[in-house]
Amino acid sequence: YILQLHSNSDKGDGSVKYILTGEGAGTIFIIDDTTGDIHSTKSLDREQKTHYVLHAQAIDRRTNKPLEPESEFIIKVQDINDNAPKFTDGPYIVTVPEMSEMGTSVLQVTATDADDPTYGNSARVVYSILQGQPYFSVDPKTGVIRTALHNMDREAREHYSVVIQAKDMAGQVGGLSGSTTVNITLTDVNDNPPRFPQKHYQLYVPESAQVGSAVGKIKANDADTGSNADMKYTIISGDGSGVFSISTDKETREGIISLKKPLNYEKKKSYTLNIEGANTHLDFRFSHLGPFKDVTMLKIIVGDVDEPPLFTMPSYVMEVYENAKIGTAVGTVTAQDPDAANSLVRYFIDHNTEEDRYFTIDASTGTIKTAKIFDREETPWYNITVAASEIDNPGLVSHVPVGVRILDVNDNPPELAREYDVVVCENAKPGQVIQTITATDKDNSANGARFHFSLDEGLSVNPNFTLRDNEDNTASILTRRRRYSRTTQDTYYLPVLISDGGVPPLSSSSTLTIRVCACERDGQVRTCHAEAFLSSTGLSTGALIAILLCVVILLAIVVLFITLRRSKKEPLIISEEDVRENVVTYDDEGGGEEDTEAFDITALRNPSAAEELKYRRDVRPEVKPVPRHHPSLSLDSIDVQEFIKQRLAEADLDPSVPPYDSLQTYAYEGHRSETGSISSLDSATTHSDQDYNYLGDWGPEFKKLAELYGEIESERTT
């Protein structure tokens, strides 16, 4: 039962009917329409809905008309303590530095209660600690967790599990509660200095240890972790500080002891090192717990080892002259046994390379000798490796590099630096320098840096050229006369003698080839004898190429025409009615009386002499007829008509030719003219007394013509 609705119009006779509408009407709330009593049909939860808005009305049961206006009323759900406090974010994981002050805040936890905080104490929560005392405490009202002890040490205990309870009803009896777990970890601080487990250490190192190698390790302990345990090792004193070094391994935090210098048991048998290990990250809040470093002493014992022989020098450089006889001493290497036993040493050469086979060594004295005759110009330097071992212990071997320099002697004569192409112009003047030559010498500068040039004294004086020594290792070739002619002599040979300044001096003879060439006035070479014919025509290289190209094209056209003509074949007789007459025409004009190549004129002059040669004019003969000349034969003895009849009969009866008519034309021009030829072809064979010097005044266009006629005139004069 919740309440009762009542209208003033209700007389109790049941004529009034009550109607309920709104939130939850008919489902959560029902009304007795006669009495107006309202009841709830189910339990109400304030946390789901705090109130309901309803409307009530009284109507006449008979007429269904409202007796009063509709009334609104609100039903509020009253809260009861039916919800316990809850920690929505638990469980918690949190850290706090070790050695923190008491009361240091660690974490604030919060619990929520779904009950109505405005009604009673249902939602009033109080915090308390169920587990974690006496290390931590919690504020009852705020839920802040704090440290409860001074100087909590991580090295003593690192992890803590704290249980916090939240209870409503202000913590009174009957209140509901909830709890959560807080896992607290103490983080490290640098509150522990490093410490060596021992104050004295001893280390054994053999004297054969390699420089730079690690020979031992040492470590100081630190209870801290992470960067708080990082440290650095140093050698602060000791007689071995210059022989050994120490470095820090950041991963293992160990001190690595390395060898800086080689050890020698015979000289020093032990060393002492004072090693310090110190933290690199200090926390000055805990400096009163220091010092944060520690020192220990390390004694290093050097172990005796049988060592290989030791050479007196790390490397040797020796010298020997080239061409020295086999067995010539080059130098001596020396090695000793560094051990106290001082065993005898044996020397030998490692024949690992070809160069090692060019030398020998005395096994007892270490003297190196030559095994071949050397040529400095071929190889100026040799590298060999000499080994030394103890006679008592051949397995212990040491090596030393030996360089042998081959010294130079003057055994190579000088020679021209290169092949010279010497050119002299036809219009050269006396004393003109036409070439500067240099020389080279395979020997070094001490045996041939100064060269002397001269002409061969055993020969007569050269009338054409001379040589001048410039005294700077060069020489100049000069002309001795005014003019040179390619037509007279196009090449000259000049022997040159070259000597060096070595001891003893050496010399050689070389021959220079001098070509005569046509030059411009400024001395630029225009052409030499190899191109005389082409140059005499006055044609340039481009013009010659164009002419050759035209000739090739014409030859190609002729070959193509002959090929097409030979490949064209017509049927001899197509039908009985088609009878062809073929006329073979020769369009050769001939060259006159002197041309005996186109026509065999001999056959016309003497038909009987040509009886034996039966060559057809319409068929190319396989053998070219040899022309025959009978100038003494008279015209009266020639019977041309008889000759033509014989040729006609031969053509009719010859089975080797196709059966078609052939027209052969013979003509006779007669004897040559009594007057003689007027051609200019033979004019070059006669000489004229005309003076052609005036051609040189016509300008550069007639320069070549003037030179040609000038050369002809010079030859005639000679």
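Over the face of which residue does Lys-268 lie? Lys-268 lies over the face of Tyr-271, at 5.2 Å from the ring centre. That detail comes from a predicted model.

**Disulfides**

The count comes to 2 disulfides. The table sets out the bonded pairs.

| Pair | S to S | Torsion about the S-S bond | Hand |
|---|---|---|---|
| Cys-425 and Cys-519 | 2.0 Å | -85° | left-handed |
| Cys-517 and Cys-528 | 1.7 Å | about 95° | right-handed |

Take the pair of Cys-425 and Cys-519, joined by a disulfide. This pair links distant parts of the chain, 94 residues apart. Cys-425 belongs to strand E33, residues 422-425. Cys-519 belongs to strand E39, residues 507-519.

A disulfide joins Cys-517 to Cys-528. Cys-517 lies in strand E39, while Cys-528 lies in strand E40, residues 525-528, so the bond ties together parts that are 11 residues apart in sequence. Cys-517 and Cys-528 are buried.

How are the bonded cysteines paired when numbered in sequence order? The pattern is 1-3, 2-4. One further cysteine deserves a mention. Cys-550 is at 46% relative accessibility, so Cys-550 counts as partly exposed.

**Aromatic rings**

How many aromatic pairs does the structure hold? There are 14. One of them is Phe-29 with Tyr-52. Their ring centres are 5.2 Å apart and their planes stand at 75°, so this pair is edge-to-face. Phe-29 sits in strand E3, residues 29-31, and Tyr-52 in strand E5, residues 51-60. The pair therefore ties together parts that are 23 residues apart in sequence. Phe-29 and Tyr-52 are both buried.

Tyr-358 and Tyr-382 make another pair, with ring centres 5.6 Å apart. Why is this pair edge-to-face? The planes of Tyr-358 and Tyr-382 meet at 85°, and edge-to-face needs over 60 degrees. Tyr-358 lies in the loop between strand E27 (345-349) and strand E28 (359-361). Tyr-382 lies in strand E30, residues 381-390. Tyr-382 is buried, at 4% relative accessibility.

Together with Phe-359 and Phe-374, they form one aromatic cluster.

Lys-49 lies over the face of Tyr-52, at 5.5 Å from the ring centre.

**An open sheet**

Strands of a sheet pair through backbone hydrogen bonds, either parallel or antiparallel. Which sense applies to the sheet of E32, E34, E37 and E36? The pairing is antiparallel. These 4 strands form an open sheet, in the order E32-E34-E37-E36. Strand E32 (415-416) and strand E36 (465-469) are the edge strands. Each of these edge strands pairs on one side only.

Strand E34 covers residues 433-440, and strand E37 covers residues 474-479. E34 and E37 pair in the antiparallel sense over 5 bridges. Which residue in E37 stands opposite Thr-436? That residue is Ser-476.

Note on methods:
Residues numbered from 1 in each chain as written. Predicted model: local features only at pLDDT ≥ 70, side-chain atom pairs only at ≥ 80, totals over all residues. Heavy atoms only, no water. Disulfide = S-S within 2.5 Å. Helix = DSSP H or I, 4+ residues; strand = E, 2+ residues; numbered from the N terminus. Buried < 20%, exposed > 50% of the residue type's maximum accessible area, 1.4 Å probe, protein only. Phe/Tyr/Trp six-rings, centres within 6.5 Å; stacked < 30°, edge-to-face > 60°. Lys NZ or Arg CZ within 6 Å of the ring centre and 35° of its normal. Pairing = 2+ DSSP bridges.
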